[in-house]
Amino acid sequence: MSRLVLVLGDQLTRGAGALARADKGRDLVVMAEVMDEATYVRHHPKKIILVLSAMRKFAAALEGDGWRVAYTKLDAEANTGSLSGELLRRAEAEATDRVLVTQPGEWRLRQALDDLPLKVEVVPDDRFLCPPEVFADWAKGRKAMRMEHFYRMMRRRTGYLMAGDDPAGGKWNFDHDNRKPARDDLLRAVPLKHDHCEVTREVVALVKERFGDHFGAPEPFWFATDRKGARACLQDFVRNHLPDFGTYQDAMLAGDPFLHHALIAPYLNLGLLTPAEVCDAAQAAHDAGDVPINSAEGFIRQILGWREYVRGIYDLHGPGYVDQNALGHKRALPGFYWDGETDMACVKAVVDETREHAYAHHIQRLMITGNFALLAGVDPAQVHDWYLSVYADAYEWVEAPNTIGMSQFADGGVLASKPYASSGAYIDRMSDYCGTCAYSVKDKTGDRACPFNLLYWHFLERHRDRFERNPRMAQMYRTWDRMDTERRKTVLCEADNFLRRLAASGRV
Ligand code: FAD
Ligand code: DLZ
Ligand code: SF4
């Protein structure tokens, strides 16, 4: 009896997982564009275009390789609207009850497959560098599961940037060299942009018609939508940006959303690139003397460390991870996360760029939009929903640990040893946003005081019981406690007023 080989929209890797175990001569590959997946959050239109266009081209490539492929387009008359429905429909037509699938990234779909009245064989997703049993073994019995420890284990295990038993360059981490602000530079290379092909043009029209009311501009659309294009992006990044990646990793510039970032997360998360080939490319460029160790290490840490680590955390903690709210935050997500209507120049820049590109780099996500939501006490479930909706690279397994854990501290410290909270001073140091802002980053109180300055102390005071004894935060509490009593009262009172204005009108 033949099997249905379900290939999900983010499993577009030839020869991996279920495809590696399937029988080309007998089994039937099933791929389906379905409304359930397109609407479980209101994805940015660019993300839907990317996924559907890449799915169509991947299906064609599989057919070119000799596979039998049953592909359902979103607007096909027979489309049942869900992946379960499509599997049942194809199972009946193929007269089989056997399904082979690579483990879906998200708990939501893992559960849907469990509920199917078919014999579903789930095989591990072997595209990751850390097999699930290795992560489980590393995590076993640990009180604190810190990324840095995981990362060192992975460096030793894979041999990336190792000199025998020691880390190349004599240190595991070169972050100390990597915190430079960037200057406006007209000579900085811009990201590689891809022209629409016929397949993408058809998908753009479909998405504009069906999802035109979602947050985000469908065009200009210039993402790569196949492996060849994704490889070209990787090569372009390694040549033009990787040498400076480390140095400017944390920098933010108004008018340059991309700086020296790789813009490859959408391709990695779809399967058009594998983490192994990305790390290989960085290692090779370093070995050839083209990329200094601070950049090679900083970049490989993101892939081999952070990306693998958040995957492990998501798997280990189960579907309940996203419902946590350790700090008890309840505020509604402000409207400016959608329309950008705020006087805070930094927040406005990130929201506007997100709408335009379905992209913001890590520090923008963490220290601007994430930091504001944390300081203002926004409900983490609403923050999670926003991040899952607005980025082209957003998939719950990677987005949730970053949002719920790293950014909002809603997991109570599983992922981060202290909250990523900062006042305006950090933003001013790492960006040029403050120069054009209606608020003044130098003002700690008063009409023009930067909201990040007011809310930072308000946050520390609100959560004193939880954080006062955290050794990494003790210094900040000492600074706050040394302030004059009247000044502290003024800060807290002005922060309260700010939060009242935010709740009343949303316009701040
Ligand atoms: P670069 O900065 O060039 O980094 C290279 C690669 O490293 C990325 O492509 C990515 O694959 C990996 N990487 C870097 N940081 C992380 C990280 N913290 N976790 C996992 N992988 C990482 N990343 C996603 O892929 N999807 C998400 O939905 C997502 N949501 C996020 C939400 C929040 C609140 C925060 C703070 C971070 C989130 N990240 C997410 C992590 C990171 O911001 C993005 O991976 C990165 O910005 C993608 O852009 P890039 O490809 O230019 O990355
Ligand atoms: C993100 C996405 C979208 C927008 N559409 C589809 C789709 O129509 N069909 C499909 O198989 N996958 C889609 N995806 C990706 C899935 O949501 C992804 O596979 C799950 O989130 C599991 O990680
Ligand atoms: Fe952001 Fe404050 Fe700077 Fe304005 S002054 S850009 S709100 S950090």
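Start at ligand 1 and select His 261: an N or O atom in its side chain sits 2.7 Å from an oxygen atom of the ligand. This is a predicted model.

**Stop 1: around ligand 1**

Now show everything that surrounds ligand 1.

Pick Ala 265 next. Here the backbone takes part: one of its N or O atoms is 3.0 Å from a ligand 1 oxygen. Then pick Gln 302. Its side chain places an N or O atom 3.3 Å from a nitrogen atom of ligand 1.

**Stop 2: around ligand 2**

Move to ligand 2. It has 18 residues around it. The nearest are Asp 10, Ala 32, Val 34, Glu 37 and Glu 106.

Check three of these distances. Select Asp 10: a side-chain N or O atom lies 2.7 Å from an oxygen atom of ligand 2. Select Glu 37: a polar atom of the side chain is 2.6 Å from a ligand 2 oxygen. Select Ala 32: here a polar backbone atom is 2.8 Å from a nitrogen atom of the ligand.

**Stop 3: the domains**

Zoom out and colour by domain. Domain 1 covers 4–123. Domain 2 is written in two pieces, 132–191 and 241–317. Domain 3 runs over 336–503.

Keep domain 1 and domain 2 on screen. Their C-alpha centres are 31 Å apart. In the contact, domain 1 contributes 13 residues and domain 2 contributes 10.

**Stop 4: the interface of domain 1 and domain 2**

How much area do domain 1 and domain 2 bury between them? About 880 Å², with 56% of it on carbon and sulfur atoms. Select Leu 12, Leu 50 and Trp 107. Together they supply 43% of the area domain 1 buries against domain 2, more than any other three residues.

Next, look for charge pairing. One salt bridge is found across this interface. Select Arg 110 and Asp 315: they form a salt bridge, and their closest N and O atoms are 2.9 Å apart. Four residue pairs are in polar contact across the interface of domain 1 and domain 2.

Switch to a cartoon view. On the side of domain 1 that touches domain 2, α3 (45–64) and α5 (107–114) are the elements that give two or more residues. Highlight α3: it gives the most, with three residues.

Last, colour that side of domain 1 by residue class. Against domain 2 it shows five nonpolar, five polar and three charged residues.

Technical notes:
Residues numbered from 1 in each chain as written. Chains lettered and ligands numbered in written order. Predicted model: local features only at pLDDT ≥ 70, side-chain atom pairs only at ≥ 80, totals over all residues. Heavy atoms only, no water. Domains from an automatic or database assignment. Contact = heavy atoms within 4.5 Å. Buried area = accessible area lost by both parts, 1.4 Å probe. Salt bridge = Lys/Arg side-chain N within 4 Å of Asp/Glu carboxyl O. Polar contact = N/O pair within 3.5 Å; in protein donor to acceptor, adjacent residues only side chain to side chain. Helix = DSSP H or I, 4+ residues; strand = E, 2+ residues; numbered from the N terminus. Nonpolar A, V, L, I, M, F, W, Y, C, P; charged D, E, K, R; others polar. Near = heavy atom within 4 Å.
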